[in-house]
Amino acid sequence: MIVEITSLIGSITLFVLTIFLGFELITKVPSLLHTPLMSGANAISGISVVGALILSNVAFNSDGNPLSVWLAFIALILAMINVIGGFAVTNRMLNMIAGRRKGGA
Amino acid sequence: MIDAAYIDIGYLFSAALFILGLKKLGHPRTAPKGNQFGMMGMGLAIITTLVKLEVETGIIGWEFIGGGLIIGSLIGYIMAVRVQMTGMPELVALFNGFGGAASALVALSEALERINVGSSDPATGIPSDPLTLWVIWIAIGLSSLVGWMTLSGSILAMYKLKGGVTIFGKWIRTPTWGPTWLNPIKVILLFAVFALIYLSAIEPGNTDYVWAIVGLSSLLGILIVIPIGGADMPVVVSLLNSLSGIAAAFTGFIIGNSVLIIAGSLVGASGLILTFIMCKAMNRTLLDVLFKSFGGSTKETVTRTKMGSDADEVAMMADGAQNIIIVPGYGMAVSQAQHQVKAFADLMAAKFETEVKYAIHPVAGRMPGHMNVLLAEANVPYEQLIEMDEINPEFPDCDMCIIVGANDTVNPAARSDEGPLAGMPIMDCDKARSIVFIKRSLSVGYAGVDNDLFYEDKTMMLFGDGKEMMTQLNAAIKEL
């Protein structure tokens, strides 16, 4: 019980502090970067891929109910689309900005 | 044999990379590096997870897990590489929905698995001590709520950005619909989901509650997005992006994983700040965006008329112009006219040594920065793209202002206190010596407000597709 409370409070602390950090991280962003920033942050929110990986494995190890296994599998695919697609699209947008900067200089 | 708990240190580095990545993404010079940091962080998180699984229990379904990783990567990569620049906003919305869905599916999978195992094994099934039970069940509920809402809302947002959907060969316009009585219903639905989360924790073995949360949350996402249109869409997509982060953070609570909590709440918080920045650019508050329907349904019918000009007339007016400001809008994106616009600027510079600048409204197009990306594609130099606040004082000295497919962002009606556009900052195009509108018709913009600028004496209307009209204009300039 004590262990659970400690780890729960640890998690909540992490959650709250990171939210404060997130608020401070983004201050003034030129509108040029709004979409790439949104898209890059969006790719990072694909971090649930970690959850999908863990659950896929757990579901297999415990030969759990097939529905859970398939849901975890779909989650894995969707999260990877989010991650790879998100970073690739951001990269494309930023390359254009970078290309133009070189062209203009 | 290393203790598996040490492997978690990988998540620490991964989290640090995410923080640095987001920080760097906010500055033009460091943005590409920021994106790379994000990628490295994600790669490290995935590798750490795989190593940890292998050391702890051994990975059983390698084909399955590897297959999922590869299929997802391929689909995502192909979608990202093949998308047209104009389709970028829709794709970001869709990816965002997938991220939310992934978190929600992890939550659902975990809930069903735990219910399946039951109370016989408190570690992997329904926890026996009440604290753990409540924490896990509330986290499952909130992750489902936010995740499914993000999915349904993002998919609707994607179709709204597209403008419609083809069903059986018929084009159906995405509706914008939001009577005021819908607002209390949204609030009631939200509380209904909270009640369901409570009930699901009281009676943890019952899957009905879990499925009901899925259904109501999806409905809520649709109801939140459906009244929103026009210039508010980017704000909503940004808000949904923030929500998908929050969903990931809640998922972190379910499986007790710190990197999910950190990355998720980072995206949630920074996404919210970005949403506020976007709201500020439009002089609207987030509450207005969410609860006051913007345009769409109340379109005014156009009663006034204006004679159209032709390219030759505009070319004659442009002859010898010293300062030209081009104001691009969504119309330029739709017709892919950016190359012709650039060609026009080059022609003018070569022929009359005209100084051409581009005025970028913060919400021009369907995404902030949409115009910047398109013009970058056409190799327009960075220094020529001027943000609104900087360029507005220059309009009185401008010989000709060419508006390519923009409407609401130049509508003087925004200076009055009434109507849906009231208070939105606009480009002071009306102060230019002459104005050229390249537009399909006199129809109203997304906000549904007629534009007085069309009917001014100094305004010339070029009715037609942006690309075609720019091509004609370039030909006419060459003949001068």
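Buried, in this talk, means under 20% relative accessible area, exposed means over 50%, and partly exposed is in between, with a 1.4 Å probe and protein chains only. Helices are DSSP runs of H or I, at least four residues long, strands are runs of E, at least two, and both are numbered from the N terminus.

Now the ground rules. This is a predicted model, with local features needing pLDDT of at least 70 and side-chain atom pairs counting only at pLDDT 80 or more, while totals for chains, interfaces and linings use all residues. Residues are numbered from 1 along each chain as its sequence is written, chains are lettered from A and ligands numbered from 1 in the order in which they are written, and side-chain values use heavy atoms, with hydrogens and water left out.

Start with one helix in chain B. Helix H14(B), residues 370–377, is mostly covered, with seven of its eight residues buried. Those buried residues are His370(B), Met371(B), Asn372(B), Val373(B), Leu374(B), Leu375(B) and Ala376(B). After H14(B) comes Asn379(B), with a positive phi near 65°.

On to chain A. From the N terminus, the order reads α-α-α-α. Chain A has 105 residues, and 61% of them count as buried. Take contacts as heavy atoms within 4.5 Å. Among the contacts in chain A with a separation of 6 or more, 73% join residues 24 or more positions apart. The accessible surface of chain A is about 4,000 Å², and carbon and sulfur atoms hold 73% of that. Those areas use the Shrake-Rupley method with a 1.4 Å probe, and for residues only the protein chains shown count as cover.

Next, the interface. The size of an interface is often given as the accessible area lost when the parts come together. Here that buried area (1.4 Å probe, summed over both parts) is about 8,600 Å² between chain A and chain B, 78% of it on carbon and sulfur atoms. Helices H1, H2 (34–44), H3 (48–61) and H4 (66–104) of chain A each supply at least two residues of the side that touches chain B. H4(A) gives the largest share of that side, 32 residues. In residue terms, 83 from chain A are in contact with 107 from chain B.

Polar contacts do cross: twelve residue pairs between chain A and chain B, both at pLDDT 80 or more. A polar contact is a pair of N or O atoms within 3.5 Å; within protein, one must be able to donate a hydrogen and the other to accept it, and residues adjacent in sequence count only if both atoms are side-chain atoms.

Thr18(A) sits in helix H1 of chain A. Thr18(A) counts as buried because its relative accessibility is 7%. Beyond four places in sequence, Thr18(A) touches Ile262(B), Ser265(B) and Leu266(B).

Asn257(B) is in the loop between helices H8 (233–255) and H9 (258–281) of chain B. Its relative accessible area is 6%, so Asn257(B) is buried. A polar atom of the Asn257(B) side chain lies 3.4 Å from the backbone nitrogen of Leu260(B). Outside four places in sequence, Asn257(B) is in contact with Val50(A), Ile54(A), Tyr11(B) and Gly252(B).

Asn96(B) belongs to helix H4 (88–117) of chain B. With a relative accessible area of 1%, Asn96(B) is buried. Its side chain makes a polar contact with the side chain of Ser154(B), at 3.5 Å. Residues touched by Asn96(B) beyond four places in sequence include Asn42(A) and Asn82(A).

Last, charges. The whole structure has nine salt bridges over all chains. One pairs Glu110(B) with Arg114(B), at 2.7 Å, N to O. Both lie in helix H4 of chain B, four residues apart, about one turn of the helix. Buried or exposed? Glu110(B) is buried, at 10% relative accessible area, and Arg114(B) is buried, at 8%. Asp428(B) bridges to Lys431(B), with the closest N and O atoms 3.6 Å apart. Those two join Arg415(B) and Asp430(B) in a network of salt bridges.

Notes: Buried area = accessible area lost by both parts, 1.4 Å probe. Salt bridge = Lys/Arg side-chain N within 4 Å of Asp/Glu carboxyl O.
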